[in-house]
Amino acid sequence: MHKFTDTANADRNTVHTTMNDTLSNTPPREYPVKTYDNLYVQEDFGTLDYPVAVSYLDLSKSYMNRIRWHWHEEMEILIINNGFAEVVTDDASYPLKPGQGIIINQNVMHSIQSMDQKNCTFYSLVFHPDFLFGHKSSYLHTQFLLPIQNYHLFKILVLNETNPWHEHMLDAVNDTIAANVTKQFGYEIATKGYLCHFWSELISKLPKLDTAPPPHVSLDEQRVKQAMLFIRKHHADPISLEEIADSIHISKSECCRCFSRTLQMTPFEYLMRYRILEATKKMIEQIKEPMSIADIALSVGFNNVSYFNKLFKKFLGCTPTYYRTHKIPSGETAQSNGPFSVPVI
């Protein structure tokens with residue numbers, strides 16, 4: 001049995017005038033967004049009563065200038081601030097420039113990366129539609145949420161401010177972001193109003209469905225999601241391709257094809273990248289009492305330090321020792337950066 005071990009500019013154009021005015025004296029803050037440290041997050045964003053989260057993200061602080069594959073029950077909207085980003089799903093990629101936005105529907109597997117390895121910053125608005133429509137048997141839920149959830153052609157929508165329809169949605173999103181950054185009295189109810197306006201614009205141009213078809217997720221995506229969760233749980237073990245394939249009840253060759261079609265990489269490469277990610281996280285978490293490089297390698301599934309060093313340099317462009325010495329902030333700085341000091345894929 002083959003084992004997968006070590007042998008093997010624009011400032012607005014991002015935000016409109018209202019947002020620029022409200023944020024003029026408010027520096028961007030980086031909010032903890034737990035979804036980016038998990039493949040699938042089962043926690044609520046914000047609170048149960050207010051499932052809305054706004055974040056300002058800098059991809060230069062992420063592993064390989066990217067946010068790793070993940071999905072969540074909430075809808076997400078990104079607004080590019082500086083630089084150029086690319087949002088990738090299981091079947092397409094979407095390049096974005098300053099001023100553009102993108103809507104990512106619920107449970108759509110995606111990753112985000114900086115293009116050309118240059119710095120890229122953006123705002124992320126994540127919210128659960130139930131915040132707008134209440135319980136599942138309500139009239140609003142049936143009339144206005146289910147058509148979006150069940151419209152299988154709507155996974156991603158890129159927003160361009162040159163399109164009047166898109167501009168209206170961008171205005172509502174930017175108002176929402178501004179309200180949640182400044183947090184003036186009553187911002188929660190203002191947010192609900194802005195998001196309702198956004199939703200009415202969104203649904204106004206979608207086809208009217210007489211009967212709602214079931215939600216569509218490709219079979220490849222379903223399988224790869226489950227395999228990713230299996231790898232995340234067992235990455236430190238000597239996982240075999242057969243075990244990964246068995247976890248999603250398909251053959252080894254079909255498992256490789258699913259990964260290739262969905263992530264454009266093999267299960268082995270995904271496992272290696274995940275192990276290196278975990279190694280960098282351990283370096284940051286153990287900064288005051290550092291583990292040896294050999295112990296770190298062993299703890300994430302490598303039993304050969306030379307191979308660990310080789311892969312580390314391949315993915316990050318430097319040795320583990322250099323990374324720990326020069327790439328990780330020391331002392332209080334490392335602690336204050338929060339989850340954004342932790343590289344993600």
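Mentor: Start with threonine 89, which sits in strand β5 (residues 85-89). Keep in mind that the model is predicted.

Trainee: What makes threonine 89 count as buried?

Mentor: Its relative accessibility is 2%. Buried means under 20%, so threonine 89 qualifies. Its contacts, leaving out residues up to four places away in sequence, are Trp69, Tyr94, Val108, Met109, His110, Ile156 and Thr262.

Trainee: Why is asparagine 107 called partly exposed?

Mentor: Its relative accessibility is 31%. The class runs between the buried limit of 20% and the exposed limit of 50%, so asparagine 107 falls in it. This residue lies in the loop between β7 (101-104) and β8 (110-114). Its phi is positive, about 60°, although asparagine 107 is not a glycine.

Trainee: Where is lysine 183 found, and what is its phi near?

Mentor: Lysine 183 is in the loop between α4 (164-182) and α5. Its phi is near 55°, a positive value in a residue other than glycine. With a relative accessible area of 42%, lysine 183 is partly exposed.

Trainee: How do you know which class asparagine 304 belongs to?

Mentor: Its relative accessible area is 34%. That lies between 20% and 50%, so asparagine 304 is partly exposed. The residue is in the loop between α10 (293-299) and α11 (305-316). Its C-alpha is 8.1 Å from that of alanine 294, 10 residues apart along the chain.

Trainee: Which residues of α3 are buried?

Mentor: His141, Leu145 and Ile148 are buried in α3. Seen down the helix axis, the buried residues of α3 fall within an arc of 85°, so they line one face. An α-helix has 3.6 residues a turn, so residues three or four places apart point the same way. The cover over the buried residues of α3 includes β4 (75-82), α2 (130-133) and α5.

How values were computed
Residues numbered from 1 in each chain as written. Predicted model: local features only at pLDDT ≥ 70, side-chain atom pairs only at ≥ 80, totals over all residues. Heavy atoms only, no water. Buried < 20%, exposed > 50% of the residue type's maximum accessible area, 1.4 Å probe, protein only. Helix = DSSP H or I, 4+ residues; strand = E, 2+ residues; numbered from the N terminus. Arc of directions from axis to C-beta. Contact = heavy atoms within 4.5 Å.
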